[in-house]
Amino acid sequence: MAEKYSRATLTRNFLKTITRIKKPDEMLSEAKSGGLEKTLGVWDLIILGVGAIIGSGIFAIVGIAAAGSADGTSPGAGPALVISMIIAAIACVFSALCYSEFATMIPVSGGAYIYTYATLGEFAAWMVGWVLMLEYAIGFIAVACAWSNHFVQFLNGFEQYLPAWLANPPVWLVNDPFSAAKIVAENPNAFVPTIFGIPICINLPAIVMVLLSTAILVKGTKDSAKMTAVMVVVKLAVIALFVIAGAFYVKPENWVPFAPHGAAGIFAGAFIIFFAYIGFDAIATAAEECKNPQKDLPIGIIGSLIVTTIVYVLVALILTGLQDTSVTPDLAFLKAPMAYCLKLINLNWAAGLVSIGSLAGLTSVLLVMEMAATRILYAMSRDHFISARFQKLHPKFKTPHVLTWTVGLLSVIGILTLNLDVAAELCNYGTFTSFIVVCIAVLILRKTDPNRPRPFKVPFSPVVPSLGIICCGGLMVYKSMQASSSALLFPVWLGIGAMIYLLYGFVKNRMNENKIHNEKVEQRKLELKM
């Protein structure tokens, strides 16, 4: 019988309560009784994974990883970017194997959040869920704004055919306030309306894309997977075009020196390109919607990493063969390296298609990231951390439509108010934290519940999980040592999350336990009367 809750006190009972785990069998029972519709197969999972991973990383960040940052603070890997990509992939594989073990053992919505609840307890689970909102919800906002930037660049290419206001939209209609301020500082002639001195900026393309993505997700995960599949086919076709067309123009002399900045450049490139792999963990959040999670989830997670690694290596070989990365290239190469290289060899028509592929790539990332954010919040609602209203499923589509629209509308507010440069860096900390926690959780559950059936087991445990902790922890420390406001804001984010838990989540969970306690007392009274 549940214990009656009175109030929160810093006692042994309090500490025992916040470290209380939720048993996997209980999670599976809840998912079975009121879960989401099972619509995803193995290919759907691979497509979702590839859709989440291949996005802004391959279309933009790969240039910085190869040639270094424009300000010279980060050395480039040069042609050795291929090695950087393999190092980053190996670092991801350690965590991916741990995700696979959990996803097959506890195939319910929530990903790292529910794995933490099963091993480290209530408070740690809340904090991981809170951190995952950095990775998915804020990351979703950042990608939406990146989509807007690519869309505006795409329109600029048709300035000879489109009206001037459409080919070159006003600054205040396609930027957030912080980005618009930078543009105005560089170009005083740029017009931004103000009210009482406050600039009014509405990133209209990003807002429209967020609302469209939300509407697609409300219709169902299967439909979202179909939409993502179309986007994946488009962007893979465009990348294949770049590889095939560019292969005829490669200059082998550009591959010498192979590592212009030595080991420092290779590891700096691995650190940067690591973020181009983020997204495979989103597959685990959709575990509850898999038809055969025990078999399909490991294939989906590992398969998506293999596909993207092959794609990344091919792009790196052609990219560094077309552009000499031992010297500082034009800024245009750092922003859109694939399109820049195609223009370099006078294949402007192919560069235009790459722009379309970048839009498709970012669209698929948007769909998967928003889906992951809603599934984590859905699991947290089921555990009484947030309102139970968010568990309501659409009568026709069987999706958490109230929660999905809530995430979409909050994202619109974020687009209007957030400094996305800082927000994007914070996302990286959220990713590192979730990867490390999942690796730790695998080691814990191996000790606390060794007899639980594991359809997939991490090989060479505890070596593999430990390597995952070391790799992700090392990259996290490396980032923290650099001068960045995000290194200071991440602890602030954690502090805010802890306060919300103590003032709301903890109390709400104890109130639910009181309700269960009272129901059991009444049931016992009825049994005695009979």
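**Pockets, a cavity and the core**

Student: How much space lies in the second largest pocket?
Tutor: About 630 Å³. Keep in mind that this is a predicted model.

Student: Which residues lie nearest its centre?
Tutor: Trp130, Met133, Ala137, Leu410 and Trp493, out of 27 residues that line the second largest pocket.

Student: And which helices supply at least two residues each of that lining?
Tutor: Helix 7, helix 17, helix 18 (401–417), helix 19 (420–448) and helix 21 (486–529).

Student: What is the lining of that pocket like by class?
Tutor: There are 22 nonpolar and 5 polar residues in the lining of the second largest pocket, and no charged ones.

Student: Back to helix 17. How many residues does helix 17 have, and how far does it reach?
Tutor: Helix 17 runs over residues 348–382, which makes 35 residues. From first C-alpha to last it reaches 52 Å, close to the 51 Å expected at 1.5 Å a residue.

Student: Why is helix 17 described as largely enclosed by the rest of the structure?
Tutor: Because 29 of its 35 residues are buried. Buried here means under 20% relative accessible area.

Student: What comes just after helix 17?
Tutor: His384, which takes a positive phi of about 70°.

Student: Switching to cavities. How many of 30 Å³ or more does a search of the whole structure find?
Tutor: The search finds 1. The largest cavity holds about 60 Å³ of space.

Student: What lines the largest cavity?
Tutor: Lys22, Met27, Glu30, Val108, Ser109, Ile114, Ala379, Arg382 and Asp383. Helix 2 (24–34) and helix 17 each supply at least two residues of that lining.

Student: And by class?
Tutor: The lining of the largest cavity has 4 nonpolar, 1 polar and 4 charged residues.

Student: Now the largest nonpolar core. Which of its residues touch the most other members?
Tutor: Tyr99, Phe102, Tyr113, Ile239, Phe242, Phe280 and Tyr312, in a core of 152 residues. Helix 7 (residues 122–156) gives the most to this core, with 19 residues. Helix 7 is also one of the helices that supply at least two residues of the lining of the second largest pocket.

Student: Take Ile239. What does Ile239 touch?
Tutor: Leaving out residues up to four places away in sequence, Ile239 touches Ile54, Ile58, Phe59, Val311, Val315 and Met338.

Student: What about a second, separate core; which residues does that include?
Tutor: That core has 5 residues, among them Val171, Ala190, Val192 and Cys201.

Note on methods: Residues are numbered from 1 along each chain as its sequence is written. This is a predicted model: local features need pLDDT of at least 70, side-chain atom pairs count only at pLDDT 80 or more; totals for chains, interfaces and linings use all residues. Side-chain values use heavy atoms; hydrogens and water are left out. Helices (H or I, at least four residues) and strands (E, at least two) are DSSP runs, numbered from the N terminus. The expected span of a helix is 1.5 Å times one less than its number of residues. Buried means under 20% relative accessible area, exposed over 50%, partly exposed in between (1.4 Å probe, protein chains only). On a 1 Å grid over the protein atoms alone, a cavity is a set of points where a 1.4 Å probe fits but cannot get out, and a pocket is an open set with protein on both sides within 12 Å along at least five of seven lines; lining residues have an atom within 4 Å of a point. Grid points are joined across faces, edges and corners, and a volume is the space filled by probe spheres set on the points. Ala, Val, Leu, Ile, Met, Phe, Trp, Tyr, Cys and Pro count as nonpolar, Asp, Glu, Lys and Arg as charged, and the others, Gly among them, as polar. A nonpolar core is a set of buried Ala, Val, Leu, Ile, Met, Phe, Trp, Tyr and Cys residues joined through side-chain atoms within 4.5 Å. Contact means heavy atoms within 4.5 Å.
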